[in-house]
Amino acid sequence: MRSPRFDATVLTLGFAFLYIPIIILIVYSFNASRLVTVWGGFSLHWYSAMWSNQGLMDAAWVTARVGVLSATLGTILGTLAALALTRFARFPGRMAFSGMIYAPLVMPEVITGLSLLLLFVAMGVDRGFWTVTIAHTTFTMCYVAIVVQSRLLTFDRSLEEAALDLGCPPVKTFFKITLPLIFPAVIAGWMLAFTLSLDDLVIASFNTGPGATTLPIKIYSQVRLGVTPEINAICTILIGLVTIGVIAASLTTKRTEIKRVRDEHLAARGATT
Amino acid sequence: MAKSLGPVKRKFSPWTDPNAVPFIRFENITKRFGDFVAVDNLTLDIYEREFFSLLGPSGCGKTTLMRMLAGFEEPTEGRILLQGQDISGVPPYRRPTNMMFQSYALFPHMSVEKNIAFGLEQDNMPKGEINARVQEMLKLVKLEQFAKRKPNQLSGGQRQRVALARSLAKRPKVLLLDEPLGALDKKLREETQFELMDLQQTLGMTFLIVTHDQEEAMTVSDRIAVMDKGIIMQVATPAEIYEAPNSRYVADFIGDINIIEGTIADTTSALGAPGTVKIESDGLSIAVDQGSQAVKGDQVAFAIRPEKVRISQDAPADPSVNSFYGEVWDIGYLGDFSLFIVRSKDGRFMRAAQANVSRLVDRPITFEDMVWLTWPRDAGLVLTR
């Protein structure tokens, strides 16, 4: 039997399951005690400790650089791949190509990481910042391709034809018409790529080298030596950043929706004048 | 005096002049998409300042033909000449044609004036001239106060006007219109049809319009090409298409018509009058004054428009006149016209339309009345195709 009480219980349990671990993590980041599981009063001590932990800060900086760079490269390559897949309906090997772009999504990360490692070793490339960046570009690119491709499928191609018809050459048409219109999807792809790069541990640990320790690798290796509340603090900051991102995105969507409704009213009134 | 078919809209008929040079020439054009033949070895001439329609059901190749002229598709075989120049291989952004798209294809991220200016900016026209031309175009389509709006802030009719203004702004040699009025309601569509005609006359441009709406094609065009399955069935003026269709397909596609299949029983010599044939069709005998190439024994169709058939409850005074006797089976009241569907004893149907010229009728014809349908010898046609 379904009742309002039953529904409420299920909802509460579901959200509790999702969020209690995160809440515990946030709460303990303000713990004064050195012991992670014993509450010793409120303190911001671990946040200042985190700031002065050079190793952690270096790792954060590496992660940010890898994230921005690989997300940008992945977005460019992914957008190009999406264009190729939607635009050139028939070219030799299209099926193989579209299958191959999806493969990394379902491929176990261990395999992706290992194969890239073998490639870099075979090529004699020293592992470090650039190998991690390239590895991340490779796997984030397909996520971007899928996001952008879904936007391009609903893109009215007659807009591009109209631009060509009015004398605008193809490359210029891409930058003046296509790109501005698919830009929200490109940005969404970039954000997704950045997030994926930020939180990747497996692929990064296969392809990293001296001086290129990313934050997840750093956290993981510290945890193995014992969890310090510093880790809680930095995780709380990460959660904060993600939350702000999500709220900003939903506010933008809401504003666009309000604007759309207003435009429709304007159009309806315009019809009678 | 020679009779003419329908009203004469304007004195303009370069296609009858053997020395006239076509402005656009489709020469043995074939277009295949895989196994599908969209356009099949088609040849067509269009003249300068002509308002030309491509008319046909969806999938007949009319849009493909237009897209080949715009440069979005290349013909598989044949060539397209514009003012005598082969334009094969010229990309769309270098062709002197502009197109008004069915979906309007307005750039949603640009204002109305930016949309109209887009084509002019591509030609590197000076800013001042662009502004002047945009203002002129806005005035032409009566949208001056909407210049700063975005397309999604406009109604359907206004969007259609912006699309028209944008495609006219560059003063193309040929304006291509792809189902331009499809999205408008009937009243607005009719108004716009007349505006398009005025505009075409004023600007002196060549207009090529693709449509599946026969009324639209009839209203706006100097000539119509009726297409079916990638070939042209007939190219003629609206009046010729309507009054002298060359085939069962064209006769049936344009307007309402009675088609009676039969055999030529007699030709001129036996009937006296030149060009007269007699068609026998299961006991119905029809005399037609139409110069037809058909000879005795040919399988032909007799075609007659319902409005050319007279309906009466009295038997015709002259028994030699073409007639059809039957029972009123159905009546369609359309306001300006009433359509009567009459069924003969042997189960054959024929349609007659009567203009409702007076408001009050003494003795209205109603269901199950026995009526005579009559028509003169020159009212119908013999179709051999």
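**Chains A and B: the contact and the layout of chain B**

In this predicted model, 19 residues of chain A are in contact with 25 residues of chain B, where contact is counted if C-beta atoms, placed from the backbone, lie within 7 Å. On the side of chain A that touches chain B, at least two residues each come from helix H7 (157-165), helix H8 (170-199) and helix H11 (229-272) of chain A. H7(A) gives the most, with six residues. By type, this side of chain A holds twelve nonpolar, three polar and four charged residues. Here Ala, Val, Leu, Ile, Met, Phe, Trp, Tyr, Cys and Pro count as nonpolar, Asp, Glu, Lys and Arg as charged, and the others, Gly among them, as polar.

Residues are numbered from 1 along each chain as its sequence is written, and chains are lettered from A in the order in which they are written. Local features need pLDDT of at least 70 and side-chain atom pairs count only at pLDDT 80 or more, while totals for chains, interfaces and linings use all residues.

Chain B has nine helices and 20 strands; these are DSSP runs, with helices (H or I) of at least four residues and strands (E) of at least two, numbered from the N terminus. The C-alpha trace of chain B spans about 75 × 50 × 45 Å along its principal axes.

An automatic or database assignment divides chain B into domain 1 (14-251) and domain 2 (256-383). The contact between them takes four residues from domain 1 of chain B and six residues from domain 2 of chain B. The centres of these two domains, taken over C-alpha atoms, are 39 Å apart.

Terms used: Contact = placed C-beta atoms within 7 Å.
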